[in-house]
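Please read the points below with the structure open beside you.

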Amino acid sequence: MGRQTPLYKLHQELGARIVDFGGWDMPVQYSSQIGEHHAVRRAAGMFDVSHMCVVDLEGARVRAFLQHLLANDVAKLKIPGKALYTCMLNEQGGVLDDLIVYFLSDSWFRAVVNAGTRDKDLAWIRSQAVSFNVEVTERDDLAMIAVQGPEARAKAVQLLKPADAPAALALEPFVGRELGGWFVARTGYTGEDGFEIMMPAKDAVPAWRKLNELGVASCGLGARDTLRLEAGMNLYGNDMDENTNPFESGLAWTVAMEPQERAFIGRAALAAIRKSGSPKKLVGLLLEDRGVLRSHQRVVAGTVGEGETTSGSFSPTLERSIALARVPAGAGDQVQVDIRGKLLNARVVKPPFVRNGKALIGVTP
Amino acid sequence: MSTVPADLKYTRSHEWVKSLADGTVEIGITDHAQHSLGDLVFVEVPDAGRVVKAGEACAVVESVKAASDVYAPIAGEITAGNPQLANEPEAVNTNAYAAWLMRLRPAAGALAAAALMSAADYEKFLAAEG
């Protein structure tokens, strides 16, 4: 038996199928994975993301610490509550984890890291924090619910005191704030608008039930995976890990090489890779033949070489199969994927595939 | 609770087998199997004329989550793959016992030799599997 979130018993009561995810017993689906996917694209759905690890970082030099620790530059965070997506690298430029960091005050930042990398991340962060005299606190007293979809915000604010609702609705994308003891952030992992809400563990069950009553669908990790894949968002451990760098993972946009004097961990390795040019790139694939792309399928890029799919699934929105794949940098716009020994045609596309309910990739039915 | 029609035979890998009047058999996956897999989005069925051994993987059903092989319960020759499933894989979710995957003409003696369960035995098997 794995670790359980404060919502575990409620998931069981709601008929969820439970699977192991990074050492946690998590709901993969309630009734229909495709139905849950569409609920988020068309109305509102919610996910228990309490397994993710919230880490508070406090100290007078916390900003300097994060400028050392992270590949993106927290100097970009100027207004309190603003969030930044970033990789945390090792000295070789490999991705230890991807995370979101919130600027709360000059002496307080909050990071949200992946569940499966929790222990490794905490040990790494703590070891790096010592010389900056930054205090690292794992907030396992908090639960987190992601409410996502075009109707998500309007429904979720009904959980708040009426006086707090306007402030929540006024949050800009990628900004969070404390409201009535909860931390409400306009972030997510689905390509839809919505909130991720951190709350004391005891509040999670009543919040979930109230959201159900308001018509927000309970959604499992299965739908979360197809939603994030359509949105072109990487999954740590699939699309990148310690042995791949951001440049070959579609994450160059998250690496702040300027200013040059910022000596973040992994910088020297990335500078060398950038100088010689990354031999690989991460692209989107749209399967043109019939079938379903999965991770770890061989990709043949003509005479340029071969690569591999890193995530693949059926896209419920496009009703076609899509994937992310790491391929040679010189791969063109047409490749083939080896599915059970047959080479099927796929078109190379630029993710995201779907954003805010709309297909961004031309699909001929 | 999944349904298990009394007039069919079953395998431990969750296929059902129906004997047809012309001596061939129709093969599909059980209601329990479709429920475990979830929403099916792709079904690959074998071509007519293919000769298969008992236990040979000869069809694939793919849900959003994963691909699963379907095994020939009986040695023989495929006489048809169900063409409907190319465009309507969800028919297996809707009615697993109507949406056959393939028809097969058993090799001589193969039907008698096949390790098939009665509906009652399959229900016990499901209960034991949890």
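1. Chain A holds 9 helices and 21 strands, where helices (H or I, at least four residues) and strands (E, at least two) are DSSP runs numbered from the N terminus. The radius of gyration of chain A, taken over C-alpha atoms, is 20 Å, close to the 21 Å that the globule rule (2.2 Å times the number of residues to the power 0.38) gives for 365 residues, so chain A is as compact as a globular protein of that length.

2. This is a predicted model, in which local features need pLDDT of at least 70 and side-chain atom pairs count only at pLDDT 80 or more, while totals for chains, interfaces and linings use all residues. Residues are numbered from 1 along each chain as its sequence is written, and chains are lettered from A and ligands numbered from 1 in the order in which they are written.

3. Along the principal axes, the C-alpha atoms of chain A fill a box of roughly 60 × 50 × 40 Å.

4. In chain A, an open sheet of 6 strands with mixed pairing has the order β10-β11-β12-β9-β3-β13, where two strands pair if DSSP finds at least two bridges between them. Its edge strands, β10 (176-179) and β13 (217-218) of chain A, each pair on one side only.

5. Strand β3 (residues 45-48) of chain A pairs with β13(A) in the parallel sense over 2 bridges, and A:Gly45 stands opposite A:Ala217 in β13(A). Helix α7 (residues 204-213) of chain A packs on the sheet and touches β3, β9, β12 (194-200) and β13 of chain A, its direction making about 15° with that of β9(A); such angles run from 0 to 180 degrees between N-to-C directions, with axes fitted to C-alpha atoms, for helices over the stretch in contact.

6. Which residue types does chain B bring to its contact with chain A? The contact takes 8 residues from chain B and 12 residues from chain A, two residues being in contact if their C-beta atoms, placed from the backbone, lie within 7 Å. The chain B side divides into 4 nonpolar, 1 polar and 3 charged residues.

7. A:Arg320 belongs to strand β17 (residues 320-328) of chain A, and A:Arg320 is buried because 21 other C-beta atoms lie within 10 Å.

Methods
Nonpolar A, V, L, I, M, F, W, Y, C, P; charged D, E, K, R; others polar. Buried ≥ 20, exposed ≤ 12 C-beta atoms within 10 Å, placed from the backbone.
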